[in-house]
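Here is a friendly tour of one structure, grouped by topic. Please keep the viewer open as you read.

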Amino acid sequence: MSRTRKILVWAALFVVVVIPLALAANSPLLAWREPVYIAAGFAGIIAMTVMLLQPLLVAGYLPGIPANRGRRIHRVTGSVLVLAILLHVAGLWITSPPDVVDALLFASPTPFSAWGVITMWAVFAAALLATLRRRLRLRWRTWRFGHMSLAAITVIGTVIHAVQIEGTMETISKFLLCAALIAVTAKTLSDLSGWTLFRPRR
C-alpha cells in the first residue's frame with residue numbers, strides 16, 4: 001500500500017469516528033440533559049466507533065497494523081466495547097430505571113429500545129463465546145461461525161437502534177458512521193468467507 005493511500009485510509013477513519021463525536025458534543029440538546037445522561041449517550045457513541053474498529057483490526061485492513069497484531073488489539077477493544085455498553089446502560093438506569101426495565105422486558109413503546117437490548121445481548125454473547133472458547137472446547141469452525149454471526153447481529157441491531165434515535169448525534173454524520181459500519185462489516189465477512197485469517201496455528 002502506498003504512503004498516500006495509507007494516509008487516506010487513516011484520514012477517512014478519523015473523519016468517520018471523530019466528526020460524529022465532535023458534532024454530538026456541540027449539540028444544543030445537551031443543555032437540557034443531566035450529566036449522567038450525557039455520559040451514557042456518549043458511551044453509546046463510543047461503542048459504535050469501537051464497533052467500527054473491530055472488523056478493521058481482525059482483518060488487517062488498517063495500514064501499519066498487521067492482521068496478527070490487529071487480532072490481539074481486537075480482543076482488547078472488544079473488552080472496551082463491553083465496558084462502553086455497560087456504562088451506557090448503567091447511565092440510562094440511573095436517570096430512568098423504569099425505561100430500562102421496560103426495554104429489557106421488550107415492553108418499551110419506543111422501537112429503538114428493543115434493538116438496543118438485542119445488540120447488548122449479542123455483544124455480551126460474542127464476548128462470552130470468545131472468553132470461554134477453549135474452556136468449552138468448541139471446534140474452531142463452530143466458534144468462528146458463532147462469533148461472526150453474533151458480530152453481524154450486533155452491527156445490524158446497532159444501526160437500526162442508532163438510526164431510530166433522534167438525539168444528540170448529528171444526522172448526516174450518524175448516517176455516515178452507520179454506513180461505514182455496515183460496509184466494513186460486510187466486506188470483512190465477505191473477505192473472510194474462507195476463514196483463512198481465523199485458522200488456528202499448528
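This is a predicted model: local features need pLDDT of at least 70, side-chain atom pairs count only at pLDDT 80 or more; totals for chains, interfaces and linings use all residues.

Residues are numbered from 1 along each chain as its sequence is written, and side-chain values use heavy atoms, with hydrogens and water left out. Helices (H or I, at least four residues) are DSSP runs numbered from the N terminus, as are strands (E, at least two).

**Helix packing**

- H1 and H2 pack with their axes 10 Å apart, at an angle of about 175 degrees. Axes here are lines fitted to C-alpha atoms, for helices over the stretch in contact, and angles run from 0 to 180 degrees between N-to-C directions.
- That angle makes H1 roughly antiparallel to H2. The classes are roughly parallel under 35 degrees, roughly antiparallel over 145, roughly perpendicular from 65 to 115, and oblique for the rest.
- On the H1 side, the contact (heavy atoms within 4.5 Å) is made by Leu13, Val16, Val17, Leu21, Ala24 and Ala25. H2 brings Phe42, Ile45, Ile46, Thr49, Leu52, Leu53 and Leu56.
- By class, the contact of H1 with H2 has twelve nonpolar residues, one polar and no charged. Ala, Val, Leu, Ile, Met, Phe, Trp, Tyr, Cys and Pro count as nonpolar, Asp, Glu, Lys and Arg as charged, and the others, Gly among them, as polar.
- How do H3 and H4 cross? The axes of helix H3 (residues 67-95) and helix H4 (residues 97-104) come within 5 Å and cross at roughly 130 degrees, and that makes H3 oblique to H4.
- Val89, Leu92, Trp93, Ile94 and Thr95 of H3 meet Pro97, Val100 and Val101 of H4. The residues of this contact divide into seven nonpolar, one polar and no charged.

**The nonpolar core**

- In soluble globular proteins, nonpolar side chains tend to be buried together.
- The largest nonpolar core here has 34 residues, and Leu52, Leu81 and Ile85 are those with the most contacts inside it. Such a core is a set of buried Ala, Val, Leu, Ile, Met, Phe, Trp, Tyr and Cys residues joined through side-chain atoms within 4.5 Å.
- Which helices each supply at least two residues of this core? They are helix H1 (3-25), H2, H3, helix H5 (111-136), helix H6 (140-164) and H7.
- H2 gives the most to this core, with nine residues.
- Leaving out residues up to four places away in sequence, isoleucine 85 touches Ala47, Met120, Val123 and Phe124.

- Glutamine 54 sits in helix H2 (residues 35-58) and is buried, with a relative accessible area of 9%. Buried means under 20% relative accessible area, exposed over 50%, and partly exposed in between (1.4 Å probe, protein chains only).
- Apart from its neighbours within four places in sequence, glutamine 54 is in contact with His74, Thr77 and Gly78.
- Leucine 56 also lies in helix H2, and its relative accessible area of 11% makes it buried.
- Not counting residues up to four places away in sequence, leucine 56 touches Leu13, Tyr61, Leu62 and Val184.
- Threonine 188 belongs to helix H7 (residues 171-191). With a relative accessible area of 2%, threonine 188 is buried.
- Beyond four places in sequence, threonine 188 touches Pro55, Val58, Ala59, Tyr61 and Met148.

**An aromatic pair and partly exposed residues**

- A search of the whole structure finds one aromatic pair. Tryptophan 121 and phenylalanine 124 form it edge-to-face, at 5.8 Å centre to centre with 85 degrees between the planes.
- Rings of Phe, Tyr and Trp (its six-membered ring) pair if their centres lie within 6.5 Å; planes under 30 degrees apart count as stacked, over 60 as edge-to-face and the rest as tilted.
- Tryptophan 121 and phenylalanine 124 are separated by about one helical turn, because they are three residues apart in helix H5.
- Phenylalanine 106 is in the loop between H4 and H5 and is partly exposed, at 49% relative accessible area. Its phi is near 55 degrees, a positive value in a residue other than glycine.
- Isoleucine 182, in helix H7, counts as partly exposed at 44% relative accessibility.
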